[in-house]
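Please keep the view open while reading.

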Amino acid sequence: MIRCTRYLMPTTKETPSDAEVVSHRLMLRAGLIRKVASGIYTYLPAGLRVLRKVERILREEMDRAGAQEVLMPAVVPSELWRESGRWDAYGKELLRFRDRADREFCLGPTHEEVITDLVRREVRSWRQLPLNLYQIQDKFRDEIRPRFGLMRGREFFMKDAYSFDADDESAAESYRKMYDAYCRVFRRMGLDFRAVEADTGNIGGSSSHEFMVIADSGEDAIVSCVSCSYGANVEKAECTPQAGAAAAAPGAGPARKVATPGKRTIGEVSEFLGIDPASLIKTLLFETSAGDVAVLVSGVFDVNEVKVKNHLGADWIRLAGEDRVRELSGAPSGFAGPVGLPVRTIADHSVQAIAAGATGANERDAHLVDVVPGRDFAPEAYADLRTVSGKDPCPRCGAALRFSRGIEVGHVFRLGTRYSEAMRAVYLDPEGKERVAVMGCYGIGVGRTAAAAIEQNHDGDGIVWPISIAPFEVSVIPVNVKNRDVVGAAESVGTALTDRGLEVLLDDREERPGIKFKDADLAGIPVRVTLGEKNVAAGFGEVRDRKTGETLRVELSMLAAETVALVERKKAECAP
């Protein structure tokens, strides 16, 4: 049992002006964290208790899945990152520095290189595979704009795991085990989450899934099927070819130029020409590491830059600026079109559904109408290059899609041989032949998960922690600490609960009852036991459920038992 008078948990009424989201505000107000610098925080005792509970669940499920814990250095020599090719490619988020001997290092934001170096030195035979190693460690990413407290900090705790397998089939099984382990982790934390298909980004690999905590404040838009298990980040969500734009009327004559003075947006052009926006062929020009490219899409859809980047196999992509658009098309933005455009061109499937449409004429204040794809222009390829819309069906079963917001708390990747091949992590197969290990990697943000839990579980009074990650399970509040009977009853029930294995915070401060109640609710302690003068004199106490607000008046002799029963019911809500 911990006493408030001996515990550093400084609650506040005021919130710093830079706290933009609920979790940041409440973690500061509840005395869980304090800011040291932009994106860097000190974890106070109660906040650290939350993190340790998240870590305990992670360790138990990683161990259950067959992973082994290691601890790698936070400081990593540049040589390893140069081997993988990421030293220059990762960008400014990688904090680089030199030691006194002028050797280059970085603070590790992730540890694919370090773990691959370890395995290539220690694993020689197929008999040592599969192997899955994980760590829970402090990491650093020099975010250009740290914000939202622990949601997007620069220094953070992360659980990262890395699997090594002999072949793709075994790697798929390792991936499945970790996927299932992640599902158990987030169920045990009492979180409403979705596992969705996602882009692999800087980590790389053939495929990945993000684990999203559903919350209105989430930065990521996700879609999920109302019927089957399909889910995806909006940037990854598949669009079926048959879900393209409505086709224009057939029988169009030759393409002809029409003056469209000052009309450059989809809305302006379609209204001026009196045509359906779905029949407009929108042309966007991009600069990429693979060269300039024009991307075509129906006017009712948006180009998805992630899909374009992946289709091209480009390292980077950006929308061409006004000067570059003029240079490539000969016209200002809004008047580019694929007919006669001397630029590599690819098109979304929605363009195929346009029998005859309108597009820019590569000339100021002019558009072409009766343009027929395949006759008047021929893209080098048709592909899924657009962002999913509310009218798209599920690509797996055809049912409707549901849109929601999510906070990414975990990500699993099938890396393949990207790192093991570059860094020569090889083993000898049963025939004595050298083979490259097949890898996977799996990350969960520890502090970010705690913050996401608050974003999903709060009310007007403060945090509503799931009991499995709450700093304490029970708050015992003697209303008047100057009344010996009240204090004695509080001490007795607190001791009884502690003896039964519960985590108890005894509020023995000389404060008004209202302040104690508000602080307990602010901190989100799931169960509150209150000992008031009148109730204690009559042989009773109260037990309150923080989440529902339900309060029971219980005889003192049964108070501990009733509290334990409520705690056990709440724990059952977090069962995997």
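The largest nonpolar core has 64 residues, of which Leu32, Ile33, Tyr182, Phe186, Met189, Phe211 and Trp465 touch the most other members. At least three residues of this core come from domain 1 (10-238 + 402-454), and at least three come from domain 3 (472-572). The model discussed here is a predicted one.

Methionine 189, named above as a member of the largest core, may be examined in detail. When neighbours within four places in sequence are left aside, methionine 189 is in contact with Val54, Ile57, Thr449, Pro466, Ser468, Ile469 and Cys574.

## The chain as a whole

The chain contains 16 helices and 32 strands. Further values for the chain are set out in the table.

| Property of the chain | Value |
|---|---|
| Box filled by the C-alpha atoms, along the principal axes | roughly 95 × 65 × 50 Å |
| Share of the 576 residues that count as buried | 53% |
| Share joining residues at least 24 apart, among contacts between residues at least 6 apart in sequence | 69% |
| Accessible surface | about 25,200 Å² |
| Share of the accessible surface belonging to carbon and sulfur atoms | 48% |

## One hairpin

Strand 19 (residues 357-360) pairs with strand 20 (residues 366-371) in the antiparallel sense, over three bridges. Opposite glycine 360 stands histidine 367 in strand 20. Five residues lie between the two strands of this hairpin, where asparagine 362 takes a positive phi near 55 degrees.

Note on methods
Residues are numbered from 1 along each chain as its sequence is written. This is a predicted model: local features need pLDDT of at least 70, side-chain atom pairs count only at pLDDT 80 or more; totals for chains, interfaces and linings use all residues. Side-chain values use heavy atoms; hydrogens and water are left out. Two strands pair if DSSP finds at least two bridges between them. Helices (H or I, at least four residues) and strands (E, at least two) are DSSP runs, numbered from the N terminus. A nonpolar core is a set of buried Ala, Val, Leu, Ile, Met, Phe, Trp, Tyr and Cys residues joined through side-chain atoms within 4.5 Å. Buried means under 20% relative accessible area, exposed over 50%, partly exposed in between (1.4 Å probe, protein chains only). Domain bounds come from an automatic or database domain assignment. Contact means heavy atoms within 4.5 Å. Accessible areas come from the Shrake-Rupley method with a 1.4 Å probe; for residues, only the protein chains shown count as cover.
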